[in-house]
Each structure stands twice: as structure tokens, then as C-alpha cells.
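I opened the model to look up its fold, starting with the sheet. My entries follow.

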Amino acid sequence: MPQKIFRKEIVVSEEHLDALRHVNNVNYVQWMQDVATEHSSINGWDTQRYLKSGTSWFARRHMIDYIFPAVLGDVLIAETWISEMKNVSSIRKYRFYRKSDQRLIATAETKWGFVNLSTGRPTKVLPEILESFTLMENHLDENDTFQ
């Protein structure tokens, strides 16, 4: 069964900080890429499988809402899930929260385009990919927690 939500711990280190001593915004984009790739791999679609299929995803748009700053030593939990998959695109959502107190740090989403690697043109998402992921609009409801 596909893993709906992927979670990863991130420890904020010096390299993540900007001049104001909080996490620089570019790190969130990198973390989004990292957890998306890991979530895909866990569900059977690592880089090699995409290359073998002659298809892959590319980021068309990132949107990030910064809610509260993360600072040195914070342990963040990055979560990701796929909320929508259409003919040639998908929407992947993310949430970052501080592990110690569950404080929401940022939310984000990426619109991904699916392409044929030979032509670079959009192509229909493979049925095998659709079968490998469970779509979730939002994964929290009144009975859910960050845990």
C-alpha cells in the first residue's frame, strides 16, 4: 500500500541560517525537493525508475507561506503528500513544524509537470504512477494530530 504522508526530521544547523539567524528561505525549497524525492522513492519511483520509464517530474511553481521562524537547533518535521494528480501535472503539499512544541513553521505546495524526457514535452502521467500514490486533499482533520 502506498505511503500517503512522508515525514522527515530536519535539524536546523548553522548552514541553514541567514544573516538574521533564522532559516533562510532557500532551504525550504531544497527540503521540499528532498522530501518529495524520498516520498516518491518509498512508493517505488526512484530516479532510476523514472529514467528507465523515459519520464519525470519538473517543478512548475513553488508557493511557500512562512508562518514562524525556525532557528539554530530547532528540530523540524517536514511532511509531504500529493493532493491532486491530473493528466500531466500534480500538486504536492508540504508542512514544516517544530517537533518540540508542534509549532507550525511553514506550509507550501509545488505544482509539478510530468514530461517525456526525450522530447521535454508534457506527457500523460503513467497509470503505474497513479497506482503508486494515494491522493489526499488535506491530511489533517479535527481528529488528527501532527504526530
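I took strands (E, at least two residues) and helices (H or I, at least four) as DSSP runs, numbered from the N terminus. Two strands pair if DSSP finds at least two bridges between them. The model is predicted, so I noted that local features need pLDDT of at least 70, side-chain atom pairs count only at pLDDT 80 or more, and totals for chains, interfaces and linings use all residues. Residues are numbered from 1 along each chain as its sequence is written, and side-chain values use heavy atoms, without hydrogens and water.

Entry 1, strands. I looked up S1 and found 6 bridges to strand S3 (residues 75–85), the two running antiparallel. Ile10 stands opposite Leu76 in S3.

Entry 2, sheet. I read an open sheet of 5 strands in the order S1-S3-S4-S5-S2, with antiparallel pairing. Strand S1 (6–11) and strand S2 (55–66) are the edges, each pairing on one side only.

Entry 3, whole chain. I counted 3 helices and 5 strands, running β-α-α-β-β-β-β-α from the N terminus. Along its principal axes the C-alpha trace spans about 45 × 35 × 20 Å. I found 39% of the 147 residues buried (under 20% relative accessible area, 1.4 Å probe, protein chains only).

The mean pLDDT (the predictor's confidence in each residue, from 0 to 100) is 93, and 93% of residues reach 70 or more. Over residues 141–147 I found pLDDT below 50, with 12 contacts (heavy atoms within 4.5 Å) beyond near neighbours in sequence. Where pLDDT is low, predicted coordinates should not be read in detail.

Note on methods: Buried < 20%, exposed > 50% of the residue type's maximum accessible area, 1.4 Å probe, protein only.
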